[in-house]
Amino acid sequence: MKAVRIHKHGGVDVLKYDDIPTPTIRDDQVLVKIRAAAMNHLDLWVRKGIPGVPLPCILGSDGAGCVVDVGSKVTSFHPGDRVMIQPLTYCGVCHFCQQGKENYCDAWGIFGENQDGTQCEYMAVDETHIRSIPDHLDFVEASAFSLVAQTALAMLVRRAKIQRGEAVFIWGGTSGVGSIGIQIAKARGAIVYTATGSEKKSSVAKELGADEVVNYTKTDIVKWIMEKTNGRGVDVVMEHVGALTWRTSMNILGKGGRLVTCGATTGPKVNLDIRHLFYKQQSILGSTMGDAAAMDEALDLLKKKKIRPLVDRTFPMKDIKKAHTYLEQNKQIGKVALIP
Ligand SMILES: [Zn+2]
């Protein structure tokens, strides 16, 4: 079968579309014929070099396709089923896994980061990692869902504990995690403010349900939020940008506010005035991926048509170099998926 692999870290030239043996399944696994595999910024980090990547490595965390074979102990799925993949891996027996906090597991991982991933023609996956695709979704949309939905739900619901009527500010409303974040926050009854980098992106964020949208390249966000909230600031800021936006994020956070962050794309070092933190009784919350149940809660919202993945475009999987270059340009509105 064909698979997108890296044998060493580096620029787009290290991406190979290799011929490798089709995997065989264990008794508790299913063989999925991948029909679409969405990309994440994680793919770029893995390609460029992060610790713990076994080389060579098949890239890709998200995938959707058809079951073509099942092991003898598999009970819930049959050949022909349309399925999507839950990308977080975990030990299942440790202290955290027992509590349903699989994303805190010492042995946690993600497909396409510390083990082979989804950007291939066939993948052997444990039955516990497979979910049925709702009928109204195609393979591309289904593949664009798991990692960002799990991440956004964990940030907003598990960590920031958003409440009905609260004001939530989301950076990058048309990014993968931002676009799902808007919809999850709306489904939970929050008032959603978001910032995007262009007029086109702003109109898409509005269509996703954001109450107020602003172009951050043209607007003083602090002034804008303070006007919109009568000087109160917001209850929750969803951060995934890092150094570039941190100061603004803290300045728009109101009393009792929670800033939840899952990323540092623009740099990891930030300043903090702890006087503001204690006086305003604020919380800063870290969040990484999401537990397995977060996938199922997000899937429930998906089935009820309260949320939907935002897809920008697809690339043939063989054009993986073009796809990485495109993602690095940051012009996409929503997710980019690869078709084997
Ligand atoms: Zn564990």
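Author: Below we go through the domains, a sheet, a helix and the core. Keep in mind that this is a predicted model.

Reader: OK. What domains does the assignment give for the protein chain?
Author: Domain 1 (2-145 + 309-339) and domain 2 (150-286). Domain 1 is listed in two segments.

Reader: And what distance separates their centres?
Author: The centres of domain 1 and domain 2 are 28 Å apart, taken over C-alpha atoms.

Reader: How many residues does each domain put into the contact?
Author: Domain 1 gives eight residues and domain 2 gives ten. On the domain 1 side, four are nonpolar, three are polar and one is charged.

Reader: Switching to strands. In what order do the three strands of the open sheet lie?
Author: The order is E2-E1-E4, with antiparallel pairing. Strands of a sheet pair through backbone hydrogen bonds, either parallel or antiparallel.

Reader: Which ones are the edge strands?
Author: Strand E2 (15-19) and strand E4 (57-58). Each pairs on one side only.

Reader: How many bridges join E1 to E2?
Author: Five bridges join E2 to strand E1, which covers residues 2-6. For one of the pairs, look at isoleucine 6: its bridge partner in E2 is leucine 15.

Reader: Now helix H4. What length does it reach?
Author: H4 covers residues 146-159, so to speak in numbers, 14 residues. From first C-alpha to last it reaches 18 Å, close to the 20 Å expected.

Reader: Is H4 mostly covered or mostly open?
Author: Mostly covered: twelve of its 14 residues are buried. Among them are Ser146, Gln150, Leu153 and Arg159.

Reader: What comes just after H4?
Author: Lysine 161 is found there, with a positive phi of about 50°.

Reader: Last topic, the core. How many residues does the largest nonpolar core have?
Author: The largest nonpolar core has 103 residues. Val168, Val234, Met238 and Ala337 have the most contacts inside it. H4 supplies the largest share of this core, eight residues.

Technical notes
Residues numbered from 1 in each chain as written. Predicted model: local features only at pLDDT ≥ 70, side-chain atom pairs only at ≥ 80, totals over all residues. Domains from an automatic or database assignment. Contact = placed C-beta atoms within 7 Å. Nonpolar A, V, L, I, M, F, W, Y, C, P; charged D, E, K, R; others polar. Pairing = 2+ DSSP bridges. Helix = DSSP H or I, 4+ residues; strand = E, 2+ residues; numbered from the N terminus. Expected span 1.5 Å × (residues − 1). Buried ≥ 20, exposed ≤ 12 C-beta atoms within 10 Å, placed from the backbone. Core = buried A, V, L, I, M, F, W, Y, C linked by C-beta atoms within 7 Å.
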